[in-house]
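Q: Please take a close look at the cavities in this structure, and go through what lines them. Then follow the salt bridges from there.

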Amino acid sequence: MKNKRTFLFACFVPCFLWAMADEPRPNFSFFGRLQLDGALFMREDYQPLGDGVGFRRVRLGTHVAIDNRFSGGMELDFTDGGVGIRDCYVKYTLNKEWSFRAGSVKENVTMESMTSANDLLFMESACVVSAFAPEFHLGVQGAWSRPRYRLEGGVFFKKISALKEKEFSEANNKEGVNEGISYTARGVWMPIAANQTRGFHVGASGSYRTPKTSTAVSDAVRYSAYSLSYITKLRFLDTGPVTSVSYDWLTGAELAGFYEGFRFQSEYMQNRTSRTDGHTSETFNGYYAQAGYLLFGGQQKYATSRGAFVAPKPGRSWGDVELALRYDRLDLNGTAVKGGSSEGWTVGVNYYATRYVKFQLNYSYISQDKYANAMGLAYVGYDSAGELTRKPAEVDESKGKASNAYGILGVRFQVSF
């Protein structure tokens, strides 16, 4: 589908001109977040992992309200020494039920990805969310919201968050390659949304996706996950470029609820990759279940405007402490593509010191199969000669188990405003 940039430009310009025509006085607000992480790796089987510290997120943003109809926002990410665009959109609010956004916006897939990074129950999302959730793409999105229901959907194109993705996109564009497109929708039912102390959430999502030109190979897709830590740059779970792709069909189901200081949340996601040129279609999937409980009388909070949890209300003047537990599983092993599978347990302690300051302590234990070799970068067992090997086909299980397992002790200091 050609001329996507012209299409998006045509969406932006009328909104701005219409918004400025009445010359109202804009109302600006600024926000930001800083997350400093540290990780200690232990009990590695074959692949050693380096301990370390680093910034997980360093972001600054602004929001502007023109009037009751028009608003906009932009958020920049400075995490890895560069500057990346995250949110960058214009919003039009028709009435209390309908609203529309255009720009770089987060695709409405999964409850966890619609949760602000400030309000995540654990330091990192479950592996299945890291692998499949598309996050920010250029596009146009609409939402219809009622007290008990929320429907949102949109048309999305490429990412604009990184220099390498921009270079890939421009190179493919010069070759006359279409940019790629996604149709994404999510529905949420919240039967007791008016109650502030308890709630229930059921959701489903679907996304039809063609390959984007912001990858090195124009007809390829790739799925990978950091395995619950951003400190190590090894993506053990990685399909590598899956070529000759016609389209992906991503589906998800959500179930969540809360009662006073307790909350639970679970999701299942499946991605089916349809391929051409005689290649077998591939199916990958995963799920997680997690729960948290505030120890000192706090109240869990849920935002119907996004269908996701937000920061809880502490039960004491000095804050509150939350205990959390999660199990997650991801399987990137298809028919011909073997990207590895994993399962993990995470125990967490969150201390909400103030509205703006949060401390997190996580311990995760992860077990992976022999195909989780980070595309040939990680050892996964011994070969017949008793030497470490990175190739799953060479692993001799008589010399030892064919997998990697390790523990992660992580800590985060977070400041947001």
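A: In this predicted model, the second largest cavity holds about 30 Å³ of space. Its lining is made up of E112, T115, D119, L120, L121, R263, Q265, Q290 and F309. By residue type, this lining splits into three nonpolar, three polar and three charged residues. L120, L121 and F309 are the nonpolar ones, while E112, D119 and R263 carry the charged label.

The count of cavities of 30 Å³ or more comes to two. The largest cavity has about 130 Å³ of space. Its lining has 16 residues, and those nearest the centre are M123, E124, L228, S229 and I408. Two or more lining residues come from each of the elements β1 (27–42), β19 (357–369) and β22 (403–416). Of these, β1 contributes the most, with three residues. The lining of the largest cavity consists of seven nonpolar, six polar and three charged residues.

E124 and R56 are both buried. They also belong to a network of salt bridges that links D37, R56, E124 and R412.

The whole structure has 17 salt bridges. Another of them joins the side chains of K401 and D45, with 2.9 Å from N to O. K401 is in the loop between β21 (388–389) and β22, and D45 is in the loop between β1 and β2 (52–65), so this pair ties together parts 356 residues apart in sequence. K401 counts as partly exposed because its relative accessibility is 43%, a value between the limits of 20% and 50%. D45, at 31% relative accessibility, also counts as partly exposed.

A further salt bridge is formed by R150 and E152, whose closest N and O atoms are 3.4 Å apart. R150 has a relative accessibility of 11% and therefore counts as buried, since buried means under 20%. E152 is buried as well, with a relative accessible area of 6%.

Notes. Residues numbered from 1 in each chain as written. Predicted model: local features only at pLDDT ≥ 70, side-chain atom pairs only at ≥ 80, totals over all residues. Heavy atoms only, no water. 1 Å grid on protein atoms, 1.4 Å probe; cavity = no way out; pocket = protein on both sides within 12 Å on 5 of 7 lines; lining within 4 Å. Points joined across faces, edges and corners; volume = space filled by probe spheres on them. Helix = DSSP H or I, 4+ residues; strand = E, 2+ residues; numbered from the N terminus. Salt bridge = Lys/Arg side-chain N within 4 Å of Asp/Glu carboxyl O. Buried < 20%, exposed > 50% of the residue type's maximum accessible area, 1.4 Å probe, protein only.
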